[in-house]
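I opened this notebook to keep track of what I look up, one topic at a time. Each entry notes the term I needed before the finding that goes with it.

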Amino acid sequence: MTNVADCAVCALIRDGAALGRDELWRTDVAISYVCAFDGDSVDQIAVAPLRHAASPLELSDAEFAAVLIAVRDAGIALTRVLDPDGVTLHAHVGAVEQQAAAHLEVLLGAKAFGVEFGELPREWRQEPWVLTDAVVAGWDETFEQRVEIVAKLRGSIAALG
Amino acid sequence: MPITLANGELCQCCVIAAGEMPSLTEVRRSALTITCVIPRQHEVGHLIVFPVRHVPTLMELTNEETAAIATETRAMAAALQAAYSDVEGFLIYQNNGTASFQEVPHVHMHVVPRRVGGGWPRMRFGWSRPAVPERAELMARLIEARP
């Protein structure tokens, strides 16, 4: 558990605005707000749990579900207002991911065609069978390595109950 | 204009959901979700969670489906942390539309375990510059458009 006293999102929840974050609305579980995190970004929407938690793992299933439902609703509002070509959801968890606040934030960014980063051609056709066994080797991992990963995950799921 | 989606005769997620080409890299499924380890392992353990029903984007999910994806995403983060002692964080992302690099037109949540020294740099989002009004106007319009 991280420190509530230094948390910018907890300050937003308490005061309605903090460090470039301005509240839109809140539910019993989550707050939605507008923010921008660096000079290259336009305003985005973020959704955070009202209870201080740095990671989905510090929330209950019901809390994280309520957060994601709030994210979906924010996405609906974003598409109604900006009519974007796309919408990107992202949540960075942990110092290794350079998490901006010590509080889980799920970000939604509107996307437009015509920038070099992070888009496919407008007429993109999905790769055939990219998820299935027909693909025997991926980008970095072989098919056999992926099967090993699945076995490892199934083992940990069983151990966690 | 609606969000532009990838073309394709068959939806790969639906093919897996229907069991027409079962994937050995499927981790598990429930009545509402399926979880698979994907070929493009940005970091070892990179997986996706998607709804059984064909739903193109996040915005079209029901409450029940959204909750099920959230629960499974959380469970998979815990499973990854238990499976790999070097996992120190996560990138959770989900793209809607080819403008956001959505390759498969069936909503899917990526869960990527992150490690110190991992080969994949932190992804930057929000570079796109759609015509966004000033914040006060944007906020007023968003509040009016809230479902």
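Entry 1, contacts and one residue. I count two residues as being in contact if their C-beta atoms, placed from the backbone, lie within 7 Å. With that rule I looked up Phe50(B), which touches Cys13(B), Thr33(B), Ile34(B), His106(B), Val107(B) and His108(B), when residues up to four places away in sequence are not counted. I note that this is a predicted model, in which local features need pLDDT of at least 70, side-chain atom pairs count only at pLDDT 80 or more, and totals for chains, interfaces and linings use all residues. Residues are numbered from 1 along each chain as its sequence is written, while chains are lettered from A and ligands numbered from 1 in the order in which they are written.

I then asked where Phe50(B) has its place. It belongs to strand β3 (residues 47-51) of chain B, where helices (H or I, at least four residues) and strands (E, at least two) are DSSP runs numbered from the N terminus.

I read pLDDT as the predictor's confidence in each residue, from 0 to 100. Chain B averages 87, and 88% of its residues score at least 70. The model as a whole scores ipTM 0.93 and pTM 0.91.

Entry 3, chain B as a whole. I found 3 helices and 5 strands in chain B, and along the sequence they follow the pattern α-β-β-β-α-β-β-α. Of the 147 residues of chain B, 54% count as buried.

Two strands pair if DSSP finds at least two bridges between them. I traced an open sheet of 11 strands with antiparallel pairing, in the order β1(A)-β2(A)-β3(A)-β4(A)-β6(A)-β5(A)-β4(B)-β5(B)-β3(B)-β2(B)-β1(B). At its edges stand β1 (17-18) of chain A and β1 (26-29) of chain B, each with a single partner strand, so one side of each is left without a neighbour in the sheet. I also looked at β5 (residues 86-93) and β6 (residues 106-111) of chain A, which run antiparallel and are joined by 5 bridges; here His90(A) stands opposite Leu107(A) in β6(A).

In helix α3 (residues 135-145) of chain B, the buried residues are Leu138(B), Met139(B) and Leu142(B). Seen down the axis of α3(B), they fall within an arc of 95° (the arc of the directions from the helix axis to the C-beta atoms), so they line one face of the helix. On the other side of α3(B), I found Ala136(B), Glu137(B) and Glu144(B) exposed. The cover over the buried residues of α3(B) includes β2 (21-26), β3 (30-35) and α2 (61-82) of chain A.

A nonpolar core is a set of buried Ala, Val, Leu, Ile, Met, Phe, Trp, Tyr and Cys residues joined through C-beta atoms within 7 Å. The largest one has 83 residues, and Val71(A) is one of those with the most contacts inside it. The largest share of this core, 13 residues, comes from α2(A).

Notes
A residue is buried if 20 or more other C-beta atoms lie within 10 Å of its own, exposed if 12 or fewer, and partly exposed in between; C-beta atoms are placed from the backbone.
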